[in-house]
Amino acid sequence: MKLDRRWWYAIAGIVAYALTGFLLAPWLVERALIRTLDERLELNTQLQALAINPFSLTLTADGLSVTQRDGSPVLAFERLFVNFELVSLIRWAACFDELHLIRPDVHLERLSETDTNVSQLAATWARTAESLQPSAEPQARPEAQPASDSGLFRLMVGDLRVVAGRVSVTDHARSEPFRTEIGPIDLAIDDLSTLPDDSGSQQVTIRTETGAELAWTGSLSVNP
């Protein structure tokens, strides 16, 4: 039985799509992530593994570690799982069925009365952005355009989870440096949406290093 040429084209297309999704896409995403963090923010980034399933539209990233050039920790997580939805093409929004962040570890440092590690990263991002601009003749600044009324970035997440997160806070601006840790932080939000008049439900649990616990549940509306 001889297959029609159209079937061969379809099979070749599926194979090419699978190879691109399973092999090429993870390499491109990992390369872009590390290059952005290392070159634009002057950080050191390590990622154990990144996998993309082009058929289920899922992305899994394991073992991210981001540190300053001097080795100071900035951000880490054990696993990030993202499940993208094709309905995004219909609703003109970034739609995710699941977005799970497992054991994120965030480090915040107050370096002086007016400076933090976050503000330094923002300044580095702005400085490296200027260096990427192509040199050209100065041009007249365009007239200010009226602000867009499009509102927030259109985002929908059916199942948002943060599991066993931790935030470390260090204050070097005090006469005696102070450090504390907040966690584990467990966050669960169903039907998070930035679309107008959409709302979801949330459940948040935060524990401190002294054993105190703060928990609440309720509804969440982002826009308005």
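This is a predicted model: local features need pLDDT of at least 70, side-chain atom pairs count only at pLDDT 80 or more; totals for chains, interfaces and linings use all residues.

Colleague: Which residues of the largest nonpolar core touch the most other members?
Modeller: Leu43, Ala61 and Val66, out of 20 residues in that core. A nonpolar core here is a set of buried Ala, Val, Leu, Ile, Met, Phe, Trp, Tyr and Cys residues joined through side-chain atoms within 4.5 Å. Buried means under 20% relative accessible area, exposed over 50%, and partly exposed in between, with a 1.4 Å probe and protein chains only.

Colleague: Which strand gives the largest share of this core?
Modeller: E3, with four residues. Helices (H or I, at least four residues) and strands (E, at least two) are DSSP runs, numbered from the N terminus.

Colleague: What does valine 66 touch?
Modeller: Not counting residues up to four places away in sequence, valine 66 touches Leu37, Leu43, Asn44, Thr45, Pro73, Val74 and Leu75. Contact means heavy atoms within 4.5 Å.

Colleague: And asparagine 83, buried or exposed?
Modeller: Asparagine 83 is buried, at 14% relative accessible area. It sits in strand E3, residues 73-84.

Colleague: How do E3 and E4 pair?
Modeller: They are antiparallel, over six bridges. Phenylalanine 84 is opposite phenylalanine 96 in E4. E4 also runs parallel to E6, with eight bridges joining them. Two strands pair if DSSP finds at least two bridges between them.

Colleague: Switching to charges, how many salt bridges are there in the whole structure?
Modeller: Nine. A salt bridge is a side-chain nitrogen of Lys or Arg within 4 Å of a carboxyl oxygen of Asp or Glu.

Colleague: Which residues are joined into one network?
Modeller: Take the pairs in turn. Glutamate 113 bridges to arginine 110, with the closest N and O atoms 2.9 Å apart. Arginine 110 also meets aspartate 171, again in a salt bridge (2.9 Å, N to O). Through shared partners, Arg110, Glu113 and Asp171 form one network.

Colleague: Is aspartate 171 buried or exposed?
Modeller: Aspartate 171 counts as buried because its relative accessibility is 12%. Glutamate 113 counts as exposed, at 61%.

Notes. Residues are numbered from 1 along each chain as its sequence is written. Side-chain values use heavy atoms; hydrogens and water are left out.
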